[in-house]
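Please walk me through this structure, taking its aromatic rings, its sheet and one of its helices in turn.

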Amino acid sequence: GLFVTDYFTRTPRKLSPFRSFASIELFHFHIPEDTVIAVWNLITFKEQGGTFGDQCPDRSITVYFRSGAPSVINPLHTHFPRDTAVPGSFALTLTWTLPNRTTGVFNITSPLPGDWFLAAHLPKDEGKISVKGLYEECQYLFQPQLIVQRLVNIAVLYPGHVTEQSLAPHNRSCLYKVFVPSYTSRVLVEVLQCRGAEGCPLWLRVRAKAPPLHNSTTLDCREHTPCQLAQDLPFWQHWYYVLVEKHPGVLGTVSFQVTVQLTDCSRPSLARPPFLPSSASMNMPHSFGSAGGLALGDSPPPTSPNDTKHPVPIPVTSHAGERCWPVRPTLRNELDTFSVHFYIFFGPNVSVPPDRPAVFVINLLPVLDSGGVLNLELRLNVSSLCGENVTVFGCLNHEVPLTSSDNSSVTCETESLAGFLLSVNATASLSRLRIPYPQTGSWYLSLRSLCAAEHGFEPCTNVTAEVYLRAYLSPCINDCGIYGQCKLLRTNNYLYAACECKAGWNGWGCTDNAEAFSYGFQLLSTLLLCLSNVMFVPPVAIAVRSHYLLEAAVYIFTMFFSTFYHACDQPGIVVFCIMEYDVLQFCDFLGSLMSVWVTVIAMARLQPIVKQASVLYLLGAMLLSMALQMDRHGLWNLLGPSLFALGIMAVAWTARTIRRRHCYPPTWKRWAFYLCPGVLIAAAAVLLYAFVETEENYFYIHSIWHLLIAGSVGFLLPPRAKPSRHLGPLPRRKGCGYQLCVNEQEELGLVDPAVASINSICTS
């Protein structure tokens, strides 16, 4: 055949350590029909500070693949909520082959067409809280590329028509496809009049949606006469691919005929006519009460298969389960994103008769509905059972209803079909099913009522069970509970929802409490973070005593908003918010930085040098507000104003040292008992905040940060300034030279100079 190659790529994205599904990177691809091979080229590289991260450690990268919807992953092996079905997916781990780059390849032969999703993440880390901008962070970038090779002009088989084909010596196989419309219960493929070799050295393979593989449904025509391959309960509204392949070692030309027969389940004794008007396609039943009133789907638009002849009648044997029942549609009511309710006409209470199943269809829109959770709830009305031991079984299947007539069967699976089983009875009258990230398309729910017997179940007599049926689409499972937050995420034009858990809770719905914080621990951590701000009371008292009223007001502001910000910032249920979270956070950060600013400006003692020192306080408030608005967690946006204040203090101290010709402050007691301890305490607080704090120790390390910062302010705040007044002339000793007068009490800050007598030390 003729092959066409398509190439798709996505923009590189930064990967994050796995904490929940909200921390993964999701990539969306679309594989066209008739694709015979798909190759994903997975490119990963490191960056650090805008250059290649050769010094970054090697961290393994896990990539998940799934068709139809995003993967439901569980790398931390947490527990899923009850009644949750977990669909499977492929997983691949990438290892590093070069210092800063690695490439992985993932091949899929004959992939399913439609939407494919890739999810990638790094391993879970220790949860270190790093200061933004303190050092160059290692970034791991991931870029997937997709190359597909698809066949064009595949021959189309039409039901009831015979197609002749010859396989030349250099050809090993021939591929066909046939469209299976709705309400088809059986697909029968047959190879006729095989000539050109001894026996019929051909393999017949059939597969739905994509070309057959080596493990697809296969029949050896050399061992079976006639060569017929049947598929019961085929997928509706999909292409079925038929591959006829020669045995190895056959050198000559092999000629054969191939034909396909579709059985209409509303009329099991008749084969589906080859052509119908296009208006009959995808019609719903004409009547809910009659099983024979089903409309027939039409065949696809005609193309040019190889040598198509007139229909040949093929006898069709009636099989058990080929009869299909009316399918009741549901009404779709969209309330919000991933908030959709499916209402049943004349529902929500439905009657399940004893002699036939009740079938309903739920249609999920492509792409739009696969990012949520499909919820199904069955509640049995026990009073409708009339004392009988009745069990109502429900089978939820994708793309085809499972309505077997075998009354003893209570499974929802066949050789080629798998579904979900629900059951309700008088003892357990409620059953739920949750499917995260469901595949889109049609989901069929078949309800059957059976009565318990000695050896299984048997049909009930004259008992019509009544069941309350509720089906809806939600963003998350139970809105993630009280210890989680349901987040709406987006990757390009695709939306999906995921839970982000807190307070040590984990799992898909934040229901795994293996590492959860107890209520006592949550209360203790909240009290530690809040009450540690009481350490600002001594600096406030010192500031008021020294007549630093502006500084005292800033400390009170910081203490108040830091207390209530941490009371609102808790991850658990011990939370108390007096304002919006963003307002409290801004005020807490502003108060903390203003405390540093006013303390450093007060230490500079600018009043004798700059008459209007209050201008610097106002300037600092404006600069810090601007920096916080630009980036609340940026290092240099916050460190810049602090360094500016330290520069002002350094200039003021240098000027005073030059003017007095003596180091300022001049006494060793001021350095030994106040400045050095204050600087050491502040440095210890900064080191703890920047390098030690993690998510696990945040509660007590950040509380220690509060204590140290408030304690350092008490040491660094200068003593009360000397009041401006004229001192009388000091006695002068006889002799020549100059006189240097030092006010010892003012420099030490030990005694109020307004009360104590002034001792001047004069040196000639």
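Phe-21, Phe-80, Phe-117, Tyr-437, Tyr-494, Tyr-496 and Trp-508 come together in one aromatic cluster, where rings of Phe, Tyr and Trp (its six-membered ring) pair if their centres lie within 6.5 Å, and planes under 30 degrees apart count as stacked, over 60 as edge-to-face and the rest as tilted. The model is a predicted one, in which local features need pLDDT of at least 70 and side-chain atom pairs count only at pLDDT 80 or more, while totals for chains, interfaces and linings use all residues. Residues are numbered from 1 along each chain as its sequence is written, and side-chain values use heavy atoms, with hydrogens and water left out.

Across the whole structure, a search finds 33 aromatic pairs. The ring centres of Phe-65 and Phe-106 lie 4.2 Å apart with their planes at 20 degrees, so this pair is stacked. Phe-65 belongs to strand 6 (residues 61-67) and Phe-106 to strand 8 (residues 101-109), 41 residues apart, so that the pair links distant parts of the chain; strands (E, at least two residues) and helices (H or I, at least four) are DSSP runs, numbered from the N terminus.

An open sheet is formed by four strands in the order 3-9-6-7, with antiparallel pairing, two strands being paired if DSSP finds at least two bridges between them. Its edge strands, each pairing on one side only, are strand 3 (25-31) and strand 7 (90-94).

In helix 1, the buried residues (under 20% relative accessible area, with exposed over 50% and partly exposed in between, for a 1.4 Å probe and protein chains only) are Gln-522, Ser-525, Thr-526, Leu-529 and Cys-530. Seen down the axis of helix 1, these buried residues fall within an arc of 125 degrees, so they line one face of the helix, the arc being that of the directions from the helix axis to the C-beta atoms.
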